[in-house]
Amino acid sequence: MNDNKKYRVYLLDSGSDFRHVCRENLTKLGFEVIGDCADGTQALSDIIRYTPDVVLLDLWFPGLDLTALIREVKRQCSTAPRFILVTGIADKRLLEEAF
C-alpha cells in the first residue's frame, strides 16, 4: 500500500462501542473511516458503494457471514479491499474452523 495515501477504512462489528472506539482512534491516526455497521448484509452493500481500501471486521456478525461476505465482495468489486480480522475470540480451533 502507498504510504502517502489516506486509507479509506470500513468497520464491521456487532459491537457499537468497538466501532466507535475504532473510528475515533483511526481518525486520530489519519485514516478516513468511510462507514461502519453491525450487519454483514448491510456491509456488503456499503463496501460495494464506498469502495474502501481496508475493511476491519470481527469473526461473527449478523446477516451475511464472514466467508460469504468476502466471497461476494471479491465477486462484485473490480478491486476488492484488504480484509483485516479483529476479534476477541481466543479459541484457536474456532478461528481455524472459520477459515
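Is C22 buried or exposed? C22 counts as buried because its relative accessibility is 14%; buried means under 20% relative accessible area, exposed over 50%, and partly exposed in between, with a 1.4 Å probe and protein chains only. The model is a predicted one, in which local features need pLDDT of at least 70 and side-chain atom pairs count only at pLDDT 80 or more, whereas totals for chains, interfaces and linings use all residues. Residues are numbered from 1 along each chain as its sequence is written, and side-chain values use heavy atoms, with hydrogens and water left out.

**Overall fold**

The protein chain contains 4 helices and 4 strands, arranged along the sequence in the pattern β-α-β-α-β-α-β-α. Helices (H or I, at least four residues) and strands (E, at least two) are DSSP runs, numbered from the N terminus. Of the 99 residues in the protein chain, 36% are buried. Among contacts (heavy atoms within 4.5 Å) between residues at least 6 apart in sequence, 69% join residues at least 24 apart.

**Nonpolar cores**

A nonpolar core is a set of buried Ala, Val, Leu, Ile, Met, Phe, Trp, Tyr and Cys residues joined through side-chain atoms within 4.5 Å. The largest such core has 15 residues, and L12, A43, I47, L57 and L69 have the most contacts inside it. At least two residues of this core come from each of β1 (8-12), α2 (40-50), β3 (54-57) and α3 (66-76). The largest share, 4 residues, is supplied by α3. Apart from this core lies another, of 7 residues, including V9, L11, L26 and L56.

Leaving aside residues up to four places away in sequence, L57 touches L12, L66, L69, F83, I84, L85 and V86. With the same exclusion, A43 touches Y10, L12, C37 and L69.

**Helices α2 and α3**

The buried residues of α2 are G40, A43, L44, D46 and I47, and their cover includes β1, β2 (32-37), β3 and α3. T51 follows α2 and has a positive phi, near 45°. In α3, L66, A68, L69, I70, E72 and V73 are buried, and the cover of these residues includes β1, α2, β3 and β4 (82-85). A43 in α2 and V73 are 30 residues apart in sequence, with their C-alpha atoms 9.7 Å apart.

**Individual residues**

| Residue | Relative accessibility | Class |
|---|---|---|
| C22 | 14% | buried |
| T27 | 44% | partly exposed |
| C37 | 8% | buried |
| A43 | 0% | buried |

T27 belongs to helix α1 (residues 16-28). Its C-alpha atom is separated by 9.7 Å from that of V9, 18 residues apart along the chain. A disulfide is a covalent bond between the sulfur atoms of two cysteines. Under the rule that a disulfide is a pair of cysteine sulfur atoms within 2.5 Å, the count comes to 0 disulfides.
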